[in-house]
Amino acid sequence: SLESAAESWLNVKAAAPTTEERIASVNSKWSDKIRFKLEAYEKELEGKLKDFRQLEFWSSESTLSSSGSGSVLASDGARQHLRAAEGALKSEMRSLEENRYLCDIFGLDDSVGIQTSLRIVDEMKLDLVEMAKLWDVSDALNSFIAESERSSWVAINAEELEDGGKAQLKSVKALHKCTRWCDAFKAVDRKCKDFLATIPLVTMLGAKAMRPRHWELLRKAACASPDFVPPCADGSILLGSLLQLDLLRHSNDVEEICDRAAKEAKIELTLSDIASRWSSIVFTMSPFRSEGSDEDIPLLGIEEEDYESLENDQLAVQSMLASRFVAKFQSEVDSWKTTLFTTGEVFLLLSDIQRTWSYLEPLFIHSDEVKRELPEDATRFAAIDVEVRAKLLRAYEISKVKDAFNEEGLYQKLE
């Protein structure tokens, strides 16, 4: 009955102090034994933690313990090792629970040993959870890179590619700090950063300035296979084919070659502009008519803006000659140097000659008094008059300043 139970409980409570005294020595011995066991277990767990940190899922080169063929993805091996570690940890947690139960029985709840053991097991649990996340991030990164490599080179959007790479790096950086010491994290972090660092190199190589000769320089610098076909020869090439050149490793060569291509393209464009400009520059003309003649002799000139172009183009040619990238265009630049110099010199000489001739022509050709006073000079001028007229008419007939002023022997005759 209820009263009987209450009476029994009071008897037990009354006997408790006496019973505690009787078993005190036994309890003390067992407490010492349990404490010793917990201390030994703590050291055992510390050793197991060190072994745990050596397991293969911490490595970027995790492999399956048994595989029927060839190479296997590191993440597959890592996950197998993670599952094995989870199984071992569950067994360890059962041992830990047994020790906690003993602590409760013998009043050892505040034992340092059990608390340390609990902390170690919790660390392992956290490590397994976070390492599983790490390998998920690794898989996502590998999938992103693989998908990018399958993209057509000509269709690459560098901005989107960089945004995708940055999103992957954000996932890597979000991983728990407990993973950051291991080789697997370092490998994923490095791979992501290397891919991001490669994107600017890909962008540079996509410049229109890249010519077959530049791709050949890159092929040699990267020691690429002779079978490598550059984008300039194969418009369907995939990004992955280009990345096989290990661009980041040869980043200095890539930057140098792309810089060369850009500088050479600038020289090429400048030469094209000069050629286009001087193909259309023609003389201005003021007619000169001798006394008693119905023939106009053209006094030649150049528009002020065309003369400014002459000076600017000469400076541009000097700048190109000073460039270390001029070799490909050396003969063409040298030719323009000579052409523009001759054009300028002939223009100055001819301007002086025709000005003097137009002043003296009425005197030495049409003045009888001058002919009587200076017969020899008049005779010599008559010969010069014929030649000057012929040169002016010939230049005006050609009409283009560059072509007229660079006729063979003209400069020497005018001098």
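E397 and R394 sit three residues apart in helix α12, about one turn of the helix. Helices here are DSSP runs of H or I with at least four residues, numbered from the N terminus. The side chains of E397 and R394 meet in a salt bridge at 3.9 Å, N to O. A salt bridge means a side-chain nitrogen of Lys or Arg within 4 Å of a carboxyl oxygen of Asp or Glu. E397 is exposed at 60% relative accessibility, and R394 is partly exposed at 38%. Buried means under 20% relative accessible area, exposed over 50%, and partly exposed in between (1.4 Å probe, protein chains only).

This is a predicted model, in which local features need pLDDT of at least 70, side-chain atom pairs count only at pLDDT 80 or more, and totals for chains, interfaces and linings use all residues. Residues are numbered from 1 along each chain as its sequence is written, and side-chain values use heavy atoms, with hydrogens and water left out.

**Salt bridges**

The whole structure holds 23 salt bridges. Three of them are listed here.

| Pair | Closest N and O atoms |
|---|---|
| E162 and K166 | 3.8 Å |
| R389 and E361 | 2.9 Å |

R389 and E361 form a salt bridge. That pair links distant parts of the chain: R389 lies in helix α12 (residues 375-398) and E361 in helix α10 (residues 330-366), 28 residues apart. R389 is buried at 14% relative accessibility. E361 is buried too, at 1%.

E162 and K166 are both in helix α4 (residues 158-173); they are separated by about one helical turn because they are four residues apart. E162 is partly exposed at 32%. K166 is partly exposed at 46%.

R53, R119, E123 and D127 are linked in a network of salt bridges.

**Aromatic pairs**

A search of the whole structure finds nine aromatic pairs. In one, F52 and F57 are edge-to-face, 5.7 Å centre to centre with 65° between the planes. Rings of Phe, Tyr and Trp (its six-membered ring) pair if their centres lie within 6.5 Å; planes under 30 degrees apart count as stacked, over 60 as edge-to-face and the rest as tilted. F52 and F57 are both buried. F52, F57, W58 and W181 form one aromatic cluster.

**Surface charge**

E303, E304, E305, E308 and E311 gather in a patch of negative charge on the surface. Patch residues have over 30% relative accessible area and no salt bridge, with like charges joined within 9 Å. E304 lies in helix α9 (residues 304-322). At 61% relative accessibility, E304 is exposed.

Terms used: Patches are made of residues with over 30% relative accessible area and no salt bridge: like charges are joined within 9 Å, nonpolar side chains (Val, Leu, Ile, Met, Phe, Trp, Tyr) within 5 Å. Accessible areas come from the Shrake-Rupley method with a 1.4 Å probe; for residues, only the protein chains shown count as cover. Lys and Arg count as positive and Asp and Glu as negative; His and the chain ends are not counted. The place of a charge is taken as NZ of Lys, CZ of Arg, CG of Asp or CD of Glu. Helices (H or I, at least four residues) and strands (E, at least two) are DSSP runs, numbered from the N terminus.
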